[in-house]
Amino acid sequence: MNGTNLDDLIDLLGRWASGRGPLYLLLAARLRALIDDGVLAPDEPLPPDRVLARRLAVGRGTVVAAYDLLQQEGRLLRRQGSGTRVAAIDLPATRAADGVVANPLLQHILHPPDNVQLLTCAAPHDPPPALSEAYAEAAHRLAGLHEMGYDPAGNRELRAALAAYYTGRGLRTTPDEIIVTTGAQQALTLLTGLLVAPGDTVLAETPTYPGALEAFRHAAAVVRPATGVEDLRERPALAYFVPSVRNPDGAIMDNPSRRRLAGLAAEHDVPLIDDEVRAELCFSGETPAPLAGFHRGEQIITIGSLSKLVWGGLRVGWIRAAAPLVSRLARLRAVHDLGGEVVSQLAAAALLRRLDEVRAAQLATLRRRHDHLCAELRARLPSWTFEPALGGQTIWVRLPHGDADSFSQVALRHGVAVPPGRSFDPLGAFADHMRLHFLFPEDELSRAVNNLAAAWASYDGAGRTVSRHPLVV
């Protein structure tokens, strides 16, 4: 090893095997933390399988399985003849030839490339006027507060507003059943930390949100794709579904399937996360019923946020769950940050009072841009296939041949960053898919499709469209 030597690596691993679960998952979890924290630098070599296994006094298969898992996540590169190395943390996308499945959403948040249209991060780019007005109202409310501002469960006014929001949707809720989080990603992290131990099985709908898969992997869980709601009979430690405007394809689960899913979670005592982050973005204008409305048991946990409806920079999310679970989550959260930022929570409460107005404005824009993107793709890239979304901010596109991992590299050279489909599946399926968002204004969407068409002509080897439609940068 040219960077961290073997003895140093053993010291860094520490008591990696002291947790519960399969050894390969525990080893992978510790190596993952060292990579994500930058302790193991990009391109740094790791010991051969046999060498590390011998020093750790484990079977070689344990090290091989840990390395393979981290390679699947995009954190390691393994090539015969050149060994195992830490992957570059700013890889713009995955490479099929390397067997890498990275998360471009997180990579591009941490290391945004210059002069590139990012179709990787699907969150509103322009704060609506209602947001600044809500902050002005929050500032006025702040002048009358007489409290420390520390509340791990969240601001009481916002919790009451969220309880009223769910009650208004037919799901009777009290403030004690709400905990406010710093976005839905923290909600996922808190729930995973409380409910999942290393080696536990987490069942995830597929395709699904890559950020959830990252949270489950960080907990050293075994993440399995759900083939259907009946998979809950296998009693995983946790199940994760996005029945209302699924990320990435904008699909919406019908009510009979929702009722069946909720009933199976209760019957088999499986904690079930209902991710409602995009539930208010149905193009029909009707918000689907939350899963908890189909069964009154304590197994169903609802998460939401305002990042998709309002703006990504409004870091306010929440969990709606049974009061005892909310109390446990609040104690866990107190260890980390004692509670969220109060002014944003007061602004969120003000926005909830204007929910219909905010949603109507956002939906009008999204429908228009969705239709524009679909029309541009049909005109410029007729060989690509997709189903129009029923809501949300993204469509799920299938390439006629090849794979999205390698195409994303070509697209990046043409000024567009796209997330390959394998990031959206626990086992790296959907290699021929990619997600495209329609959050840009129409002229920017046209430019993105123009560049994608030029990239596809280059990738496909046809080269027929480049002269008629020059690259727009």
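**Entry 1: a pair to begin with**

I started at Arg398 and Asp432, whose side chains meet in a salt bridge at 2.8 Å, N to O. This is a predicted model, so I read the distance as a computed one. Where do the two partners sit? Arg398 lies in strand 13 (residues 394–398). Asp432 lies in the loop between strand 14 (416–417) and strand 15 (433–437). The pair therefore ties together parts that are 34 residues apart in sequence. I also looked up the accessibility of Arg398: it is partly exposed, with a relative accessible area of 43%.

**Entry 2: other salt bridges**

I noted the total: 25 salt bridges. Some share partners. Asp49, Arg60, Asp68 and Arg78 are joined in this way into one network.

Next I checked Arg359 and Glu280. Their side chains form a salt bridge at 2.4 Å, N to O. The pair links distant parts of the chain, 79 residues apart. Arg359 belongs to helix 13 (residues 355–380). Glu280 is in the loop between strand 9 (272–275) and strand 10 (300–305). Are these two buried or exposed? Arg359 is buried, at 14% relative accessible area. Glu280 is buried too, at 9%.

Then I turned to Arg354 and Glu357. They form a salt bridge, with the closest N and O atoms 2.7 Å apart. Arg354 is partly exposed, with a relative accessible area of 24%. Buried would need a value under 20%. Glu357 is partly exposed as well, at 45%.

I kept one general point in mind: side chains of opposite charge can pair when their charged atoms come close.

**Entry 3: helix 9**

I moved on to helix 9 (residues 210–218). How many of its 9 residues are buried? I found 8, so the helix is largely enclosed by the rest of the structure. The buried residues are Pro210, Gly211, Ala212, Leu213, Glu214, Ala215, Phe216 and Arg217. Just after helix 9 I came to Ala220, which takes a positive phi of about 60°.

**Entry 4: confidence**

The mean pLDDT of the protein chain is 88. Of its residues, 91% reach 70 or more. Which stretches fall below 50? I found residues 90–102, where pLDDT stays under 50. The model has 51 contacts for that stretch beyond four places in sequence. I also found residues 463–473, with pLDDT below 50. That stretch has 16 contacts in the model beyond near neighbours in sequence. Where pLDDT is low, the predicted coordinates should not be read in detail.

How values were computed. Residues are numbered from 1 along each chain as its sequence is written. This is a predicted model: local features need pLDDT of at least 70, side-chain atom pairs count only at pLDDT 80 or more; totals for chains, interfaces and linings use all residues. Side-chain values use heavy atoms; hydrogens and water are left out. pLDDT is the predictor's confidence in each residue, from 0 to 100. Contact means heavy atoms within 4.5 Å. A salt bridge is a side-chain nitrogen of Lys or Arg within 4 Å of a carboxyl oxygen of Asp or Glu. Helices (H or I, at least four residues) and strands (E, at least two) are DSSP runs, numbered from the N terminus. Buried means under 20% relative accessible area, exposed over 50%, partly exposed in between (1.4 Å probe, protein chains only).
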